[in-house]
Amino acid sequence: MITSKTQLVGLFGHPVSHSQSPMMHNAAFAETGLDFAYSAFDVEPEALEDAVAGIRALGLRGINVTIPHKVAIMPMLDEIDPLAKRIGAVNTVVSKDGRLFGYNTDGMGYVRSLVEETGIVLDKQIVTMMGAGGAARAVAFTLAEKGVKEIRIINRSRERAAVLADHVGTIVPTRIVEKGEEKDAIADSSLLINTTSIGMLPNVQDTPAPADWLHSGLVVSDLIYNPLETRLLREAKAIGATVHSGVGMFVNQGALAFELWTGIAAPTEVMREVVLQQLTKTV
Ligand code: NAP
């Protein structure tokens, strides 16, 4: 039951109607017995500044931030965590004594789930990443900071790949994979990550990497979680590669936000269960 003592958190995005976050976080609060409640707020871009003032005025404990506000919100906050600054986007805000602190839990959520689910040793990895958008930035910077050996980037737009390669290349050896060289680049990679939206519902027949680019020595990781098993993961599994779906990243970015707001460990398994139930209902 929500009372005058309940601490409020929520999601700022546009649109937010399909978000799994309210159900996932409210299940976590119920499981841990915390007097918190999470709601989704559909915030139009021109209303973002007022909405941020609302965090302070209404005493919200914090918020998650999603498309299209992850970059625009940054100058409206008091402090930005160094990793979020490097990534150039914020997905979690914590309010402490009237000051707003911005974090990015996407990359750490991804890495935590990847390591837990596949047992991968990060500093041994040669990574080929498909995509150079917002999610790619979060994943690439976090993997670079965690000490992977090398990052190779495949992307439709070469300019966007070049910007990411320049930035991440300051931390770890990074190169762009040119068209026609993808199969060779993947051949001696140990981790292949899809950060593009290719293969996401409703385009489930699409794949960012034809099956003949894959090999059994790979861990193949897809950030997409709708569907839970993309064509990329299905084909990777069929040839004996280890596979990792995007649901773990979603759950763990939420778990890390939960921990920033509450100061206690998140009930990750309960959160995963709720998300999986929702996804199997809607797929
Ligand atoms: P974004 O910033 O719009 O970037 C999209 C990326 O996909 C770009 O690299 C883009 O290439 C590429 N792309 C899109 N359509 C393509 C096509 N038809 N052919 C070739 N390349 C294409 O999006 P984002 O925020 O990074 O999200 C990317 C994916 O990650 C989405 O599927 C999203 O659902 C998923 N995601 C998952 C989680 C999670 O928690 N599991 C979190 C965040 C995102 P160009 O640069 O050439 O345009």
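This is a stop-by-stop tour of one predicted model, saying what to select and what is there.

Residues are numbered from 1 along each chain as its sequence is written. Local features need pLDDT of at least 70 and side-chain atom pairs count only at pLDDT 80 or more, while totals for chains, interfaces and linings use all residues; side-chain values use heavy atoms, with hydrogens and water left out.

**Stop 1: the mixed sheet**

Helices (H or I, at least four residues) and strands (E, at least two) are DSSP runs, numbered from the N terminus. The 6 strands form an open sheet with mixed pairing, in the order 2-1-3-5-6-4. Two strands pair if DSSP finds at least two bridges between them. At the edges stand strand 2 (36-42) and strand 4 (79-80); each has a single partner strand, so one side of each lacks a neighbour in the sheet. Strands of a sheet pair through backbone hydrogen bonds, either parallel or antiparallel.

Go to strand 1 (residues 7-13), which runs parallel to strand 2 and is joined to it by 7 bridges. Show Val9 and look across to strand 2, where Tyr38 stands opposite. Contact here means heavy atoms within 4.5 Å. Axes are lines fitted to C-alpha atoms, for helices over the stretch in contact, and angles run from 0 to 180 degrees between N-to-C directions.

**Stop 2: strand 5**

Select residues 92-96. Is strand 5 enclosed or open? Of its 5 residues, 4 are buried, so strand 5 is largely enclosed by the rest of the structure. Buried means under 20% relative accessible area, exposed over 50%, and partly exposed in between (1.4 Å probe, protein chains only).

Strand 5 pairs with strand 3 (residues 62-65) in the antiparallel sense over 3 bridges, and Gly62 has Val94 of strand 5 as its bridge partner. Strand 5 also pairs with strand 6 (residues 99-103), again in the antiparallel sense, over 5 bridges. There, Thr92 stands opposite Tyr103. The hairpin of strand 5 and strand 6 has 2 residues between the strands, and Asp97 takes a positive phi near 50 degrees.

**Stop 3: helix 4 and its two partners**

Select helix 4 (residues 106-118) with helix 9 (residues 247-262); their axes come within 7 Å and cross at roughly 120 degrees. That makes helix 4 oblique to helix 9 (under 35 degrees counts as roughly parallel, over 145 as roughly antiparallel, 65 to 115 as roughly perpendicular and the rest as oblique). Residues of helix 4 in this contact include Tyr110, Arg112 and Glu117, and those of helix 9 include Asn252, Leu256 and Glu259. By class, the contact has 5 nonpolar, 5 polar and 4 charged residues. Ala, Val, Leu, Ile, Met, Phe, Trp, Tyr, Cys and Pro count as nonpolar, Asp, Glu, Lys and Arg as charged, and the others, Gly among them, as polar.

The axes of helix 4 and helix 5 come within 8 Å and cross at roughly 65 degrees. Asp106, Gly107, Met108, Tyr110 and Val111 of helix 4 meet Ala138, Val139, Thr142 and Leu143 of helix 5. The residues of this contact divide into 6 nonpolar, 2 polar and 1 charged.

**Stop 4**

Strand 10 (residues 191-194) and strand 11 (residues 219-222) run parallel, joined by 4 bridges; Ile193 has Ser221 of strand 11 as its bridge partner.

**Stop 4: two loop residues**

Select Gln20, in the loop between strand 1 and helix 1 (21-32). At 11% relative accessibility, Gln20 counts as buried. Leaving aside neighbours within four places in sequence, Gln20 is in contact with Phe250, Gln278 and Leu279.

Finish at Ala265, in the loop between helix 9 and helix 10 (268-282). Ala265 counts as exposed, at 61% relative accessibility. Not counting residues up to four places away in sequence, Ala265 touches Thr32, Phe258 and Glu259.
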